Amino acid sequence: MEYSTLEIAGAQAIELLELKRESYRSSGEYPFLIGDEDTLLCLQAIANFEGRAPSEIVQRSLSLDLANWMSTRREEQELYSFDAEQVLGSWPDQTAAPGAISLHRDEATNRTKPKVQMGFAQIDQPWHLPAMLRFGNWNDCPDAVVHCAFFARWQRLFGAEIAAASSDTLECIVNRPPQDKEAALALAWEQFWYCGDVVHQRCDSISKLAAQLLESNYWRFCWD
């Protein structure tokens with residue numbers, strides 16, 4: 001499993017991403033936005049934290065017990081006075097806009113970058129992308145096996161696919177988002193254990209995250 005990159009105009013990034021996603025099944029090249037040249041270099045650098053081959057990562061992810069993994073994460077949180085009711089919060093009256101793919105934009109100004117990189121991965125399934133990137137395994141960011149396991153599940157249940165990746169961020173297009181409150185809340189808890197900052201730094205509570213996930217075609221995960 002390998003990936004190549006192509007420098008493109010930032011203004012054309014989303015249009016080209018959509019076109020390349022449509023042709024993925026026939027071309028075998030899975031497209032994803034990366035950002036500018038510096039972002040690409042950082043993405044390549046984090047691969048050094050993962051010594052296993054992509055094929056081994058994918059194979060190990062197939063046997064990972066996600067329920068047990070999330071339970072372990074909860075036990076770790078409970079060592080620091082974790083309060084589930086406080087984290088859950090109450091269902092909001094209003095929901096913030098879910099956002100859209102943004103790695104082709106400058107984070108400080110929101111202006112489109114003049115040039116960005118697009119990756120093309122030789123992978124059989126979209127959920128193999130973290131394995132090919134050797135993504136994760138630093139600070140609170142899970143290793144690539146965990147990323148693959150979650151996205152295999154979310155691809156199956158929600159049609160969720162990573163569409164943009166930097167060294168600390170994954171942005172996703174979601175084809176079949178949850179359609180009811182119960183499903184959205186269950187998904188929000190999964191995403192919280194996967195990436196706690198989706199609550200701690202973005203939504204403030206599980207309920208607010210769930211309300212945002214409801215019928216949303218965009219997810220974003222970021223690890224500091």
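Me: Where is I34 found in this predicted model?

Reply: I34 is found in strand 2. The model is a predicted one.

Me: Why is I34 called buried?

Reply: The cut-off for buried is under 20% relative accessible area. I34 has 0% relative accessibility, so I34 counts as buried.

Me: Which residues is I34 in contact with, leaving aside its neighbours within four places in sequence?

Reply: Contact needs heavy atoms within 4.5 Å. I34 is in contact with T5, T39, L40, L43, L103, Q117, M118, G119, A165 and S166. Take A165 from that list. I34 and A165 are 131 residues apart in sequence, and their C-alpha atoms are 5.2 Å apart in space.

Me: Which residues of helix 3 are buried?

Reply: Helix 3 covers residues 37–46, and T39, L40, L43 and I46 are buried there.

Me: How do you know that these residues lie on the same side of helix 3?

Reply: Their arc around the axis is only 130°, which puts them on the same side of helix 3.

Me: What covers the buried residues of helix 3?

Reply: The cover includes strand 1 (3–9), strand 2 (29–35) and strand 3 (115–122). Helix 7 (129–133) and strand 4 (160–165) are also included.

Me: What makes D36 a cap for helix 3?

Reply: D36 caps the N-terminal end of helix 3. A side-chain oxygen of D36 lies 3.3 Å from the backbone nitrogen of D38. The cut-off for a polar contact is 3.5 Å.

Me: Why is the pair R21 and E161 called a salt bridge?

Reply: The rule asks for a side-chain nitrogen of Lys or Arg within 4 Å of a carboxyl oxygen of Asp or Glu. The side chains of R21 and E161 meet at 2.8 Å, N to O. Both residues are buried.

Me: What does the pair R21 and E161 tie together?

Reply: R21 lies in helix 1 (residues 13–22) and E161 in strand 4, so the pair ties together parts that are 140 residues apart in sequence.

Me: How far apart are the closest N and O atoms of D140 and R73?

Reply: They are 3.7 Å apart, and D140 forms a salt bridge with R73. D140 lies in the loop between helix 7 and helix 8 (144–158), and R73 in helix 5 (residues 66–78), so the pair ties together parts that are 67 residues apart in sequence.

Me: Are D140 and R73 buried or partly exposed?

Reply: D140 has a relative accessible area of 45%, so D140 is partly exposed. R73 is at 15% relative accessibility, so R73 counts as buried.

Me: What makes E171 and R220 a salt bridge?

Reply: Their closest N and O atoms are 3.1 Å apart, and the cut-off is 4 Å. E171 lies in strand 5 (residues 169–174) and R220 in strand 6 (residues 218–222), so the pair ties together parts that are 49 residues apart in sequence. E171 is buried, and so is R220.

Me: How many helices and strands does the protein chain have?

Reply: The chain has eleven helices and six strands.

Me: Why is the protein chain called as compact as a globular protein of that length?

Reply: Its radius of gyration is 17 Å, close to the 17 Å that the globule rule gives for 224 residues, so the chain is as compact as a globular protein of that length. Of the 224 residues, 49% count as buried.

Terms used: Residues numbered from 1 in each chain as written. Predicted model: local features only at pLDDT ≥ 70, side-chain atom pairs only at ≥ 80, totals over all residues. Heavy atoms only, no water. Buried < 20%, exposed > 50% of the residue type's maximum accessible area, 1.4 Å probe, protein only. Helix = DSSP H or I, 4+ residues; strand = E, 2+ residues; numbered from the N terminus. Arc of directions from axis to C-beta. Polar contact = N/O pair within 3.5 Å; in protein donor to acceptor, adjacent residues only side chain to side chain. Rg over C-alpha atoms; globule rule 2.2 N^0.38 Å.
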